[in-house]
Amino acid sequence: MKELRARYDITQEELAEKVWVTRTTIWFLEKWKYNPSLKLAYRISRILKTEIEEIFIFEEEDFIEEN
Amino acid sequence: MIWKKEWFTLKKQWWRLTPKTWQWYAYLIIVISIIFLSANVIQNNLIKITKILNSCWNNSCDLIIQSNIVKITIFGVILSVLIIDIISIWENIKKDEREYKIDAISERNASWFMSFMLFLALFFNIFTPYFNYEKSINFFIIFLLLWWAFVKYISFYILERKWE
């Protein structure tokens, strides 16, 4: 996500404002410390003009852990 | 509603709104001033009515009381509208989804702790009289516990139906 952001020259702050989250959330997403909702993932993929699967990797373990 | 969504940025934690434009500051100053003014007018008129009721018994006094009641009603309506408007800001401004989760989990933990403390209080309330040779159950604690359970299951029922 960080690379994609750099490619489109968007700062964390700008991306956060566009997808209606805080800059901290973007920071957590880039550090793989937070799993976004499907809605947020879609919004980010639209802004970065990339498929969701290319930005986020789904891991079964995370799903089990959260539930 | 008086306020506009564009005046704010995202809500961080439930009480914190980040103002984005000068309109928000203007709104805040005007609304708080009107709230204080309304509260002051209502209070003064209530004092006047009380004084008149204690000292005057003729028809002219009734007219004065009526005019005071009209003032209280007008300012009461203004006050209610502004308070509803302020509450609607908190309701309508979106929250960051991560902070929403954090907030929800914190609220849940606070609720668990609170209910645990209430059960503990009830436990002490039931068992300590045996040592003091007094028998009294605090029904207020039971009432609070029942309300806690009621709100929890009503919320559960509504959400279950909403997201089925």
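Trainee: How many helices and strands make up the secondary structure of chain B?

Mentor: The model is predicted; local features need pLDDT of at least 70, side-chain atom pairs count only at pLDDT 80 or more, and totals for chains, interfaces and linings use all residues. Residues are numbered from 1 along each chain as its sequence is written, chains are lettered from A, and side-chain values use heavy atoms, without hydrogens and water. Helices (H or I, at least four residues) and strands (E, at least two) are DSSP runs, numbered from the N terminus. From that terminus the elements of chain B run β-β-α-α-α-α-α, and the count is 5 helices and 2 strands.

Trainee: How far does helix H3 of chain B reach from its first C-alpha to its last?

Mentor: H3(B) covers residues 97-127 and has 31 residues. The expected span is 1.5 Å times one less than the number of residues. For H3(B) this expectation is 45 Å, and the helix comes close to it, reaching 45 Å.

Trainee: Are H3(B) and H5(B) roughly parallel or roughly antiparallel?

Mentor: H3(B) and H5(B), residues 139-162, pack at about 150° with their axes 10 Å apart. Axes are lines fitted to C-alpha atoms over the stretch in contact, and angles run from 0 to 180 degrees between N-to-C directions. Angles over 145 degrees count as roughly antiparallel, under 35 as roughly parallel, 65 to 115 as roughly perpendicular and the rest as oblique. The two helices are therefore roughly antiparallel.

Trainee: Which residues of H5(B) make the contact?

Mentor: Contact means heavy atoms within 4.5 Å. H3(B) contributes residues including B:Leu118 and B:Leu122. From H5(B) come B:Ile141, B:Ile142, B:Leu144, B:Leu145 and B:Trp148.
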